[in-house]
Amino acid sequence: MCRSIKTLRPPVQPEEATEEEIRAAALQYVRKVSGFRAPAAHNREVFERAVDAVAEATAELLAGLEVRGSAARQAG
């Protein structure tokens, strides 16, 4: 769907994703789904709320994921 959104979880990204990276991915997702690169003034608030919600859900997802073998790779 959004080819420009990079994978933010290990082992693709060995370090933790930053808030900036998570927000950028959320913004790309909302842009793709809404069809707007930048919302009109009357849509800006709902657009930003959607970006915030997607970013929060993404951070929660990344924090809860268990990636098999990643602890072994980090220890080595």
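This is a predicted model: local features need pLDDT of at least 70, side-chain atom pairs count only at pLDDT 80 or more; totals for chains, interfaces and linings use all residues.

Visitor: What percentage of the residues count as buried?
Guide: The chain has 76 residues, and 17% of them count as buried.

Visitor: OK, and the secondary structure: how many helices and how many strands?
Guide: There are 3 helices and 0 strands, and the order of the elements from the N terminus is α-α-α.

Visitor: Of the contacts between residues at least 6 apart in sequence, what share joins residues at least 24 apart?
Guide: That share is 60% for this chain.

Visitor: Now the charges. How many salt bridges are there?
Guide: The count comes to 3 salt bridges, and Arg23, Glu48 and Asp52 are linked in a network of them.

Visitor: Take arginine 23 and glutamate 48, then; how far apart are the closest N and O atoms?
Guide: In the salt bridge between arginine 23 and glutamate 48, those atoms are 2.7 Å apart. The pair links distant parts of the chain, since arginine 23 sits in helix 1 (residues 19-34) and glutamate 48 in helix 2 (residues 44-64), 25 residues apart.

Visitor: And what does aspartate 52 do with arginine 23?
Guide: Aspartate 52 also forms a salt bridge with arginine 23, and here the closest N and O atoms are 2.6 Å apart. Because aspartate 52 lies in helix 2 and arginine 23 in helix 1, this pair ties together parts that are 29 residues apart in sequence.

Visitor: Which salt bridge involves glutamate 45?
Guide: The side chain of glutamate 45 meets that of arginine 49 in a salt bridge, with a distance of 2.9 Å from N to O. Because these two residues are 4 residues apart in helix 2, about one helical turn separates them.

Visitor: Is glutamate 45 buried or exposed?
Guide: Glutamate 45 is exposed, with a relative accessible area of 58%, whereas arginine 49 is partly exposed, with a value of 49%; the cut-off for exposed is over 50%.

Visitor: Changing topic: how much space lies in the second largest pocket?
Guide: About 170 Å³ of space lies in the second largest pocket. The elements that give two or more residues to its lining are helix 1 and helix 2, and the largest share, 4 residues, comes from helix 2.

Visitor: Which lining residues lie nearest the centre of that pocket?
Guide: The second largest pocket is lined by 13 residues, and those nearest its centre are Ile5, Lys6, Thr7, Leu8 and Thr58.

Visitor: And what classes of residue make up the lining?
Guide: By class, the lining of the second largest pocket has 9 nonpolar residues, together with 2 polar and 2 charged ones.

Notes. Residues are numbered from 1 along each chain as its sequence is written. Side-chain values use heavy atoms; hydrogens and water are left out. A salt bridge is a side-chain nitrogen of Lys or Arg within 4 Å of a carboxyl oxygen of Asp or Glu. Buried means under 20% relative accessible area, exposed over 50%, partly exposed in between (1.4 Å probe, protein chains only). Contact means heavy atoms within 4.5 Å. On a 1 Å grid over the protein atoms alone, a cavity is a set of points where a 1.4 Å probe fits but cannot get out, and a pocket is an open set with protein on both sides within 12 Å along at least five of seven lines; lining residues have an atom within 4 Å of a point. Grid points are joined across faces, edges and corners, and a volume is the space filled by probe spheres set on the points. Ala, Val, Leu, Ile, Met, Phe, Trp, Tyr, Cys and Pro count as nonpolar, Asp, Glu, Lys and Arg as charged, and the others, Gly among them, as polar.
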